[in-house]
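Have a look at the fold first, then read on.

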Amino acid sequence: MKKFMKKFALTSLLFSSLFSGSAAALAQETNEDLSGEIEFYTSQPDVDAEQLVEAYNELYPNVTVNIFRSGTEEVVSKINAENTAGEVLADVILLADAVTFESFKEQDMLLEYVSPEAENIDEEFVDADGFYTGTKIMTTGIVYNTDNVEEAPTSWSALTDEANAEQVVMPSPLYSGAAAYNLGVLTRSEGFGWEFYEGLQANSPMITEGNGAVIENVASGQRSYGMIVDYLATRAVADGSPVEFVYPEEGVPVITEPVGIMSATQEEEIAQTFVDFILSEEGQVLQSELGYAPIRSGVEAPEGLRTAEELDTVLSADMNELFQNRDADKQQFDELFAE
């Protein structure tokens with residue numbers, strides 16, 4: 001009887017291995033059978049977008065993914081121009097914040113698609129109507145130059161402190177989607193409001209187009225403090241720059257860089273596989289390796305960053321209110337800092 005059971009177990013193991021091998025081969029064959037071309041519009045840094053596409057192409061070698069990369073506001077302008085012209089070229093978009101996607105959703109420009117991978121993501125980060133899903137956790141906090149600053153800041157008030165006049169750099173919400181989101185949230189958060197931005201303006205900050213220029217100015221020592229998305233600061237630390245990132249004690253705004261499919265796509269199946277890959281465990285591990293805090297449960301954040309569960313306080317505001325007032329908020333910001 002024992003010999004029979006041992007023989008049965010070995011036979012089962014062999015069958016299982018053969019079956020698994022066949023399934024893997026079939027899966028690979030199916031991936032290779034999928035071919036075509038999609039347009040990927042994103043506000044991610046060029047290198048990150050390229051590595052994402054390269055990893056996807058390891059699974060889908062016969063799919064061409066063309067990348068258009070710029071700041072969120074410029075990407076939105078491009079898509080709106082295409083829509084006005086009657087032909088949206090983008091198939092998949094991955095941009096800074098959910099407010100941007102709400103705008104496209106209202107215009108019926110997004111395709112409803114809930115990836116099966118989304119079951120591993122907190123429903124808070126998945127659009128209730130199924131049109132987009134967050135891909136990472138990106139906070140905005142303070143970066144400071146350790147050569148210029150002796151004591152690490154703990155509060156957002158460091159940016160409005162008169163002692164730090166002309167020592168602050170920040171991204172413009174007229175260009176950066178993250179900065180536009182932060183503007184909407186902070187001006188609607190207790191203890192901040194427009195008074196916070198008036199305090200910033202009084203300190204004569206340097207205003208840059210995006211977050212990349214913020215880290216450059218702080219790392220070089222031209223400015224001592226910056227308002228910045230977390231991953232750029234921790235990357236600079238890893239590269240040896242004299243900077244540190246701080247999660248202010250009052251809390252931080254969080255964007256999730258959602259991904260969605262445009263309703264005008266002619267390559268729905270390919271677009272879905274691309275979204276699935278980004279949200280898959282492999283795709284989320286890649287995000288962590290690139291230096292982002294992943295949004296999928298069970299995947300650890302890189303050193304220096306926190307997952308959603310590890311954040312002490314998240315500053316937020318009603319999404320519809322942010323959407324309805326984004327243009328007005330940006331106009332008010334522009335008028336304030338033009339003074």
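This is a predicted model: local features need pLDDT of at least 70, side-chain atom pairs count only at pLDDT 80 or more; totals for chains, interfaces and linings use all residues.

## Where β4 meets β11

The bridge belongs to the pairing of β4 with β11 (residues 259-262), which is antiparallel and spans 2 bridges.

## The sheet around it

Zoom out and you get an open sheet of 5 strands, running β2-β1-β3-β11-β4, with mixed pairing. At the edges sit β2 (63-69) and β4 (110-111); each has a single partner strand, so one side of each has no neighbour in the sheet.

## A helix laid over the strands

Helix α3 (residues 72-85) lies across β1 (36-42), β2, β3 (92-94) and β11. Relative to β1, α3 runs at about 130°.

## α6 against α11

Now for a helix pair: α6 (residues 193-202) packs with α11 (residues 319-337) at an angle of about 30°, and their axes are 10 Å apart. Since angles under 35 degrees count as roughly parallel, that makes α6 roughly parallel to α11. The α6 and α11 crossing is right-handed.

Which residues do the meeting? On the α6 side they are W194, Y197, E198, L200 and Q201, and on the α11 side D329, Q332, F333, L336 and F337. Sorted by class, the contact of α6 with α11 comes to 6 nonpolar, 2 polar and 2 charged residues.

Notes
Residues are numbered from 1 along each chain as its sequence is written. Side-chain values use heavy atoms; hydrogens and water are left out. Two strands pair if DSSP finds at least two bridges between them. Helices (H or I, at least four residues) and strands (E, at least two) are DSSP runs, numbered from the N terminus. Contact means heavy atoms within 4.5 Å. Axes are lines fitted to C-alpha atoms, for helices over the stretch in contact, and angles run from 0 to 180 degrees between N-to-C directions. Angles under 35 degrees count as roughly parallel, over 145 as roughly antiparallel, 65 to 115 as roughly perpendicular and the rest as oblique. A crossing is left-handed if the near helix is turned anticlockwise from the far one by less than a right angle, and right-handed if clockwise. Ala, Val, Leu, Ile, Met, Phe, Trp, Tyr, Cys and Pro count as nonpolar, Asp, Glu, Lys and Arg as charged, and the others, Gly among them, as polar.
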